[in-house]
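Here's a quick briefing to read with the structure open beside you. Have a look first, then go through the points by topic.

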Amino acid sequence: MSLATSTIAQLRQRLTAGEITPRDIVQDVAKAIESRNGELGAYLSFDTETALKEADAADKSLPLGGIPIGIKDNMNVTGQPCTCASKILAENYTAPYDAGAIQKLRQGGALPFGRLNMDEFAMGSSTENSALGITRNPCDASRVPGGSSGGSAAAVAGDIAIAALGSDTGGSIRQPAALCGCVGLKPTYGRVSRFGLVAFASSLDQIGPITKTVEDAALLLNHLCGKDGRDSTSLDVEVPDFTAGIGKDIKGLRVGLPKEYFIDGTHAGVSAAVDAAIKKLESLGAIIEQISLPHTELGVATYYVLAPAEASANLARFDGVRYGHRSSSATDLMEHYLKSRSEGFGPEVKRRILLGTYMLSSGYYDAYYLRAQKARTLIRNDFTEAFSKVDVIISPTSPAPAHKLGELKDNPLAAYLEDVFTIPVNLAGLPGISVPCGDVEVDGVKLPVGLQIIGKPLDEVTVLRAAHAYEQAR
Amino acid sequence: MPAADIDIQKVAKLSRLSLTTEEAAHYEKQLNGVLAYIDTLTAHDLGDVEPTAHAMPVFDVLRVDEERPGFTQEQCLSNAPKRAGDQFQIPKVIE
C-alpha cells in the first residue's frame, strides 16, 4: 500500500524501526499526486526533485524527521512559488525566504512538499475563487472541497498528502476539513507566527494543521508554534506538548452546547450526526450543558466588516512595483496601479477590496469598522462568560455538507452565511478543531460532516484531548 | 449607520481598481446587498462598548534596538517586474 495513505504517527514508527526511508515517503506521495491530482486538482505545483534532496538530507532523529507536509499556496517557502491562487502572483513570484511557520516545521525535521490550491487570497469557502483551477471533493468529484484551504483538505482526505498546512481567517481550515472528512485545527490567535503568510485579515489569520487524525494534528502543531519577533501579534507564551491529552479520557469534561448554534437552517443530516456525537461524548463521561452565546447573530456581519477592511489595506501592497503582476500597457503611474491591480485580481478579491475600502473611507469608519470592533467585544465576552461554566464548546463545523460546484456562484451573501459557526471563533481568537463525525447521504453519495470543538484561549491541549477521545470512540 | 449608498466608481478609484460600466453595476448591486445585511449591526446598542482590535491583548510590542540580519538587496529585487541595475523601475512619476 502506498505510504501516502499513512498518518504521521505511523510513518514515524516505521522510520524509527528502519523499515522505510524519507525518500520512500516522498516517492510514494509524488506517485499518488501524479495518479490522482488530475482528478482532484488539490496541488497547484510540486517539486519532487527538491523534496527528494531534502528527504535524503533529513534528520530522522527529529520528531517530524523526513515527513513531507503539503503547504497552502499562501505561505512563503524559499525557492518555491507562492501564488495565493491569484494571477497577480502566478506569473513571476518565487519566494525569497521561509515563513516563520515553515522554519519551525523544518526545525522539527519536516519537509514542505507541494503547493496546495485555495480560494484566491483565502477569500472564499469553496476554493472556487481560485484563479488557477478547480479543486474537487475526494468524496464526490461534482462537489466543492470547501475552502479556503480546499486544496489542503482535499489532498489529505484524498490520500495524496500525509498532512498539510492551511490558514484560517473565518473557518478556512475547519470548514474544508469538515467537508472533505479530515481533521483541521485552528490554533489560538498568536500561537503560530504569521510572518511569511500572505496577509488577508491580520487580526484574524492563523496557520494550522490539516491531518488524517487528531493525533497527527497534535504532532504537527508541536512544530508550528512559538514567539516570532517578526510578527508583533505572536504570543510570548510557553508552548506545551500538544500530545499531552491524547489518549486521556474525558470523564467530567464540561461540554457546552450553545443554543444559538443549534438552529433551523442547519441541514437535517448534519444535525443528526452532531446529535449522535453529543450522545457519544456523554457516554464517554462528558457533562453536557446548555449554554448561550447571545451575540452569535452579529458574527457574520462583524466579520464581513473587519475582514474586508483589513484585506483592503493588506492588498494595497500589490502595486506592480516590487513583485507581482505589472500591466504592460500603462503609460503613467496611476494607470500602472489601476491596470496592474485590475488585471491581476479576480472578482471575489475585487469585491472585498471595494467593500473594505468603502467601509474605511472618510465618513464611514465609525459606522462600520469601529462598530464592528465593538460587536467583536460582545462576541468575545460571550465566550469568556461561557467558558466560566464549561471546558469546551461544540457545534457543527458547517451548517451543510459540501455543495455542488457552481451552486453558490455569484451569490456572495449566501456563501458568506456558510461560515456562521466558524467565524465567531476567529473573532474571539480561540482554538477550534473540526473532527469527522459521520456522514449524510445526499443524492446517493455519503458526504462527511464535521464536529467543531472550541476551547479556551491557549487550551489546545483540552480541545485535542476531547477530539481524540471522540475520534477513538466513534 | 448610513443607508447602503455605495458610489462604486469613487470607491474603485480609492481602491486603485478600474471597473467597466458593466462591472461597476454588477459590484454595486452585490455590495449593496452585503451592506444591507451588515446593517444588522445597527439593531444593537453598541454605544458604550469598548472596541476590540485583537482578540489576544498584546500591546506596544517593541524589539530590542540592535543590528540583525535582514533581506539582502538581491532578495528584495529578485521578484521585481522590471529593474534597472539595483533599483525597481516604474513609469515616470514627475514631468
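Which residue in strand 9 of chain A does Val255(A) stand opposite? That's Val392(A). Keep in mind that this is a predicted model, where local features need pLDDT of at least 70, side-chain atom pairs count only at pLDDT 80 or more, and totals for chains, interfaces and linings use all residues. Residues are numbered from 1 along each chain as its sequence is written, chains are lettered from A and ligands numbered from 1 in the order in which they are written, and side-chain values use heavy atoms, with hydrogens and water left out.

- Helices (H or I, at least four residues) and strands (E, at least two) are DSSP runs, numbered from the N terminus.
- In strand 7 (residues 254–258) of chain A, 4 of the 5 residues are buried (under 20% relative accessible area; exposed is over 50%, partly exposed in between; 1.4 Å probe, protein chains only).
- Strand 7 of chain A runs parallel to strand 8 (residues 287–291) of chain A, joined by 5 bridges; two strands pair if DSSP finds at least two bridges between them.

**Helix 5 of chain A**

- Gly100(A), Ala101(A), Ile102(A) and Leu105(A) are buried in helix 5 (residues 100–107) of chain A.
- The buried residues of helix 5 of chain A pack against several elements, including strand 2 (68–72) and helix 8 (214–221) of chain A; contact means heavy atoms within 4.5 Å.
- After helix 5 of chain A comes Gly109(A), with a positive phi near 100°.

- Most residues other than glycine have a negative phi, and most peptide bonds are trans.
- Ala122(A) isn't a glycine, yet its phi is positive at about 70°; Ala122(A) is buried, at 5% relative accessible area.
- Asp159(A), also not a glycine, has a positive phi of about 60° and is partly exposed at 27% relative accessibility.
- Going from Gly147(A) to Ser148(A), the peptide bond is cis, with omega near 10°.

**A look at chain B**

- Ser15(B) sits in the loop between helix 1 (8–14) and helix 2 (21–38) of chain B, and is buried at 3% relative accessibility.
- Leaving out residues up to four places away in sequence, Ser15(B) touches Arg341(A), Ile353(A), Leu354(A) and Thr357(A).
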